[in-house]
Amino acid sequence: MSGKPRLAVFASGTGSNYDAIFHAIERNEVAAELTLVVSDKPTAKVIDKARNNGTPTFTFEPKVYPSKAAFETEVMEHLHAANIDWIILAGYMRLIGPTLLHAYEGRILNIHPSLLPAFPGLDAIGQAFQAGVKVTGVTIHYVDEGMDTGEIIAQEAVNVQPGINKENLQKQIQTVEHRLYPAVIERVIHNEYSRGGNTTT
Ligand code: GAR
């Protein structure tokens with residue numbers, strides 16, 4: 001890797017985490033180039049945000065490809081053309097397949113709006129809300145072939161205030177996400193986080 005690490009953000013939705021990472025880079029809080037936004041939803045709001053910020057985009061519609069391997073192969077071509085070092089998932093609502101996992105082994109991060117392993121998968125905030133937990137939070141982890149199962153890098157708890165509604169809980173969680181994700185990305189891409197998890201004795 002020469003120069004600043006080059007990031008591709010993958011997103012399917014609003015793109016508030018993409019935007020937070022973009023602005024953290026602009027403020028020099030993260031030493032990286034945000035080189036590409038990849039989306040499986042051509043009409044997603046993240047694409048408007050990327051255009052406004054001048055970040056190049058690649059969008060695709062999974063249903064027009066015969067398989068996940070086929071669209072991931074095309075995504076790979078765009079990642080290679082842009083010399084991408086790290087894949088940053090930010091609300092990318094799709095499991096990463098073997099094509100990308102093998103090519104970017106140990107260089108794919110994800111953010112999830114719960115304290116994993118609690119509430120993996122879709123609508124984690126709604127799941128926590130329904131379960132009536134008093135504490136939920138945010139997890140940032142390496143990506144493996146499972147659903148929100150890779151090695152955990154960082155977590156931050158969020159108290160669920162009595163009587164709070166789901167929308168306000170979501171706002172609280174996203175405020176944490178927008179601060180935590182850029183800070184963790186900065187550490188991980190500059191080798192300031194050692195892998196391996198905990199040991200038991
Ligand atoms: C974020 O809250 C992120 O944690 C979540 O999607 C939201 C995307 O928001 N990701 C997952 O649930 C992944 N399983 P954004 O598009 O505004 O960044």
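Let's begin at proline 117, which sits in the loop between β5 (108-112) and α5 (124-131); helices here are DSSP runs of H or I with at least four residues, strands are runs of E with at least two, and both are numbered from the N terminus. The peptide bond that joins leucine 116 to proline 117 is cis, with omega about 10°. Most peptide bonds are trans, and most residues other than glycine have a negative phi.

Before going on, a word on the model. It is predicted, so to speak of local features requires pLDDT of at least 70, side-chain atom pairs count only at pLDDT 80 or more, and totals for chains, interfaces and linings use all residues. Residues are numbered from 1 along each chain as its sequence is written, and side-chain values use heavy atoms, with hydrogens and water left out.

Asparagine 28, in the loop between α1 (16-26) and β2 (33-39), has a positive phi near 65°. Asparagine 83 belongs to the loop between α3 (68-81) and β4 (86-89), and its phi is positive too, near 50°. Are these residues buried or exposed? Asparagine 28 is exposed, because its relative accessible area is 64%, and asparagine 83 is exposed at 52%. The classes are buried for under 20% relative accessible area, exposed for over 50% and partly exposed in between, with a 1.4 Å probe and protein chains only.

Now follow the chain into α5. The buried residues of this helix are Ala124, Ile125, Gly126 and Ala128, and they pack against β5, β6 (135-142) and α6 (166-189). Take alanine 128 in helix α5: this residue is buried because its relative accessible area is 2%. Beyond its neighbours within four places in sequence, alanine 128 is in contact (heavy atoms within 4.5 Å) with Phe119, Val133 and Thr136. Glycine 146 is 18 residues from alanine 128 in sequence, and their C-alpha atoms are 20 Å apart. After α5 comes glycine 132, with a positive phi near 75°.

The last stop is the ligand. Which elements each supply at least two residues of the shell around the ligand? They are α1, β5 and α6. The shell holds 13 residues, and the closest are Gly15, Ser16, Asn17, His112 and Glu177; a residue is near the ligand if one of its heavy atoms lies within 4 Å of it.

Serine 16 is in helix α1 and is buried because its relative accessible area is 17%. Leaving out residues up to four places away in sequence, serine 16 touches Gln174 and His178. An N or O atom in the side chain of serine 16 is 2.6 Å from an oxygen atom of the ligand. A polar backbone atom of asparagine 17 is 2.9 Å from a ligand oxygen atom, and for a polar side-chain atom of glutamate 177 the distance to an oxygen atom of the ligand is 2.5 Å. Of the 450 Å² of accessible area that the ligand has on its own, the protein covers 90%; these areas come from the Shrake-Rupley method with a 1.4 Å probe.

Key:
A polar contact is a pair of N or O atoms within 3.5 Å; within protein, one must be able to donate a hydrogen and the other to accept it, and residues adjacent in sequence count only if both atoms are side-chain atoms.
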